[in-house]
Amino acid sequence: MQLAHSLAELPMSNSFAGLPPAFYTRLQPQGLNAPRLLHANEAAAALIGLAPDALHTDAFLEVFSGRAPLPGGDTLAAVYSGHQFGVWAGQLGDGRAHLLGEVDGPHGGWELQLKGAGMTPYSRMGDGRAVLRSSVREYLASEAMQGLGIPTTRALALVVSDDPVMRETVETAAIVTRMAPSFVRFGSFEHWAARRQPDKVQTLADYIIDRFYPECRRPAPGEPDGPHAPLIRLLEAVTARTARLMAAWQCVGFCHGVMNTDNMSILGLTLDYGPYGFMDGFRLDHVCNHSDSEGRYAWNRQPSVALWNLYRLAGSFNSVVQDADALKAVLDRYEAIFTEAFHRGMAAKLGLEAWRPEDEALLDGLLTLMHEQRADFTLSFRRLSSAVRGDAQPFVDLYIDRDAARAWLESLLARQAQAPREAATLAEAMDRVNPLYVLRNHLAEQAIQAAQKGDAQVIEQLLEALRDPFTERPASAAYAGLPPDWASDIEVSCSS
């Protein structure tokens, strides 16, 4: 594959810009003053066919600091609406994001979007800027999720400046370049349904189907067809992707923090990293967002919230399909899809050959034990392989009530013995699905503090571990332990 050595060599298509003008506003970003490239992601650059040497050129910095247009691009900000914390918020849109254009990469199209590049017509009361703190968190999180094998947007570049930005205090500005095949959200459809413009719901659906879900144009053998059948099949596909995404989040102890409908991807990607968190001490009702005073987006509520959001998407489709029963029948399948994916993931994490109904009690026993004793989520699962190898102590040491931990562990080993596998083989299989490294809040905080001093080395070292979180490396040992005491004081909110 021939890689491009400059942005001008990238093949562009800009498909979203081909939609009618009502879907966006064309405008240019407001660039940062005296920008500096803090970090660039070679892995993400390869997805768009860009060579590593192009990442450190003046032209690259000018484009991704918002000071110059992307060659061949078509810069715009998209409009959408949505429900925020369960309440209809009306028109929203890209309030601090600028879609620069779409690159035809070696394996498909990738939209490049600047986050923090100034005000747009959709900024409402915002300033259109992003701060270094939140930008580092998003930059790291998207790559951490990719390493875990969870569908996500990606991050190409992190540019910083001394420009002041007011949040709770005065902070400095940054821009993170995000990448995704599409940034269309559930709220993109809600916007037009709320405005009673079903023709635009259909236009957007046709764009999404033709570009990302072409199989929705074709009925399965024996399946009835009709003018609105592709839209129903689109809801089926989005429902399945969303259910599996929720199962993947649950299996790694990830909390999104702000699962509003405008933050839900129509492609089933993890989108819009703000007040997210990977759990340290486990709680079933863990809330990672300090702004979420009602606990709407707690860990154990994420699957049901996703279904609630899908109902809002289906309601938008209902403005076109006008067959509520058919749409509801699709949503009725969500729980089974989620449960199957969650059980399959947990079976692998527990070293079981396949999920059985009686395994529900085994899993509930572990989660209850972890919840009651605030045992570390990531390490509780990771250290199960040590027990399989014959050393139970690393797992047991995570619990105050060691007798209870040993008793549960004995029940797991007995269950594994029902379908015996060689211990080393089983332990290796468990280590391939139970990460050792996740992006804990204190690790992100360490990277932020270093970045504030202009040091990107911590970001680079952390990314090395997060890109392959299942393989133990001596150089990454500092990222594999329990969080320090001060980590419990870290609060992330919607300003994060």
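The model is predicted, so local features need pLDDT of at least 70 and side-chain atom pairs count only at pLDDT 80 or more, while totals for chains, interfaces and linings use all residues. Residues are numbered from 1 along each chain as its sequence is written, and side-chain values use heavy atoms, with hydrogens and water left out.

**View A. Helix 3 against helix 17.** Helix 3 (residues 132-148) and helix 17 (residues 457-466) have axes that come within 9 Å and cross at roughly 20°. Helix 3 and helix 17 are therefore roughly parallel to each other. Helices (H or I, at least four residues) are DSSP runs numbered from the N terminus, as are strands (E, at least two). Axes are lines fitted to C-alpha atoms, for helices over the stretch in contact, and angles run from 0 to 180 degrees between N-to-C directions. The crossing of helix 3 with helix 17 is right-handed; a crossing has this hand if the near helix is turned clockwise from the far one by less than a right angle, and is left-handed if anticlockwise. From helix 3, Val136, Tyr139, Leu140, Glu143, Ala144 and Gly147 meet Ile459, Leu462, Leu463 and Leu466 of helix 17 (contact means heavy atoms within 4.5 Å). This contact has eight nonpolar, one polar and one charged residues. Ala, Val, Leu, Ile, Met, Phe, Trp, Tyr, Cys and Pro count as nonpolar, Asp, Glu, Lys and Arg as charged, and the others, Gly among them, as polar.

**View B. Helix 4 against helix 7.** The axes of helix 4 (residues 186-194) and helix 7 (residues 302-321) are 9 Å apart, at an angle of about 40°. Helix 4 is therefore oblique to helix 7. Helix 4 passes helix 7 in a left-handed crossing.

**View C. Domain 1 against domain 2.** The assignment, automatic or from a database, gives domain 1 (7-182) and domain 2 (187-347). In contact are 37 residues of domain 1 and 40 residues of domain 2. About 3,100 Å² is buried between domain 1 and domain 2, with 63% from carbon and sulfur atoms; buried area is the accessible area (1.4 Å probe) that two parts lose on being put together, summed over both.

Technical notes: Angles under 35 degrees count as roughly parallel, over 145 as roughly antiparallel, 65 to 115 as roughly perpendicular and the rest as oblique.
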